[in-house]
Amino acid sequence: MSSNINIVLVDTSHPGNIGSTARAMKTMGLNKLTLVTPKDFPSDIANAQAVGCIDILDNATIVGSLEQSVCDSVIVIGLSARPRKSSIPTLSMDQCIDLLNKFPNDEISIVFGNEQSGLSNEELQTCDYLVSIPTDEAYTSLNLAAAVQVFAYEYHKNCSKHQISDNKSDIAKHSTKNTLIQTFISIMLILDIITEKNKKSLIQNVHVIFNKSNLTDNEANLLLGVLSSIKKALQK
């Protein structure tokens, strides 16, 4: 079983998809499931669809926001059944798996959106990368559990089965990066750089810039210390 891959389901509408996701995970050696504000869970329907994988459901973590679900992750990857118009860096599935192989001992979150609408623009800002699963142009809607199964299969087939060491990387966790991002944005607001007209695009660009920087803990804390001092000076 791989415990460093955190499968995150956001605002799941139907409990059957949660149960089917648990089955898709366990058959491919994944066991860490996080649910963000599920509509109906725990559920007998989810248990029935899990088919012998209820332990995944019993150990699932339920949180109230996407930020909470990925706070301990060094990388957050959003999955989509279709390409999205976004400035967030995109990866093919093969590139995604190659990236996971570089961090065998660090938590990485793989995020799946709501069945009807997928990941919102705000939720996408939380992601470091976006991966689209290719589908036939005649019908591009992929079932949530099926999307999880595709990822889980590719991970099981291609990722390293043997970890070279138990050492974790020194890449900053998402929670640290998010604090850095919010501090930077607050300074931009104080300086009136962000206006109602450009707010959406600028905030998205700030997220993209920091998310793709792969800052270490020391680097992130250094920048955070500097930005916090600047913020305090501006507020005087």
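In the predicted model, Asn-218, Leu-222 and Lys-232 are exposed on one side of helix 10, while Ala-220, Leu-224 and Leu-227 of this helix are buried. An α-helix has 3.6 residues a turn, so residues three or four places apart point the same way. Helix 10 comprises 19 residues (217-235), and the 26 Å from its first C-alpha to its last is close to the 27 Å expected at 1.5 Å a residue. The cover over the buried residues of helix 10 includes helix 8 (174-190).

Helix 8 is also among the elements that cover the buried residues of helix 9, namely Ile-203, Val-206, His-207, Val-208, Phe-210 and Asn-211. For helix 9 (residues 199-211), the end C-alpha atoms are 18 Å apart, in agreement with the 18 Å that its 13 residues should span at 1.5 Å a residue.

The protein as a whole contains 10 helices and seven strands. Its radius of gyration is 19 Å, close to the 18 Å that the globule rule gives for 236 residues, so the protein is as compact as a globular protein of that length. Along the principal axes, the C-alpha trace spans about 60 × 45 × 35 Å. Of the 236 residues, 47% are buried, and the protein exposes about 12100 Å², of which carbon and sulfur atoms supply 51%. Among contacts between residues at least 6 apart in sequence, 87% join residues at least 24 apart.

Methods
Residues numbered from 1 in each chain as written. Predicted model: local features only at pLDDT ≥ 70, side-chain atom pairs only at ≥ 80, totals over all residues. Heavy atoms only, no water. Helix = DSSP H or I, 4+ residues; strand = E, 2+ residues; numbered from the N terminus. Expected span 1.5 Å × (residues − 1). Buried < 20%, exposed > 50% of the residue type's maximum accessible area, 1.4 Å probe, protein only. Contact = heavy atoms within 4.5 Å. Rg over C-alpha atoms; globule rule 2.2 N^0.38 Å. Areas by Shrake-Rupley, 256 points an atom, 1.4 Å probe, with all protein chains shown as cover.
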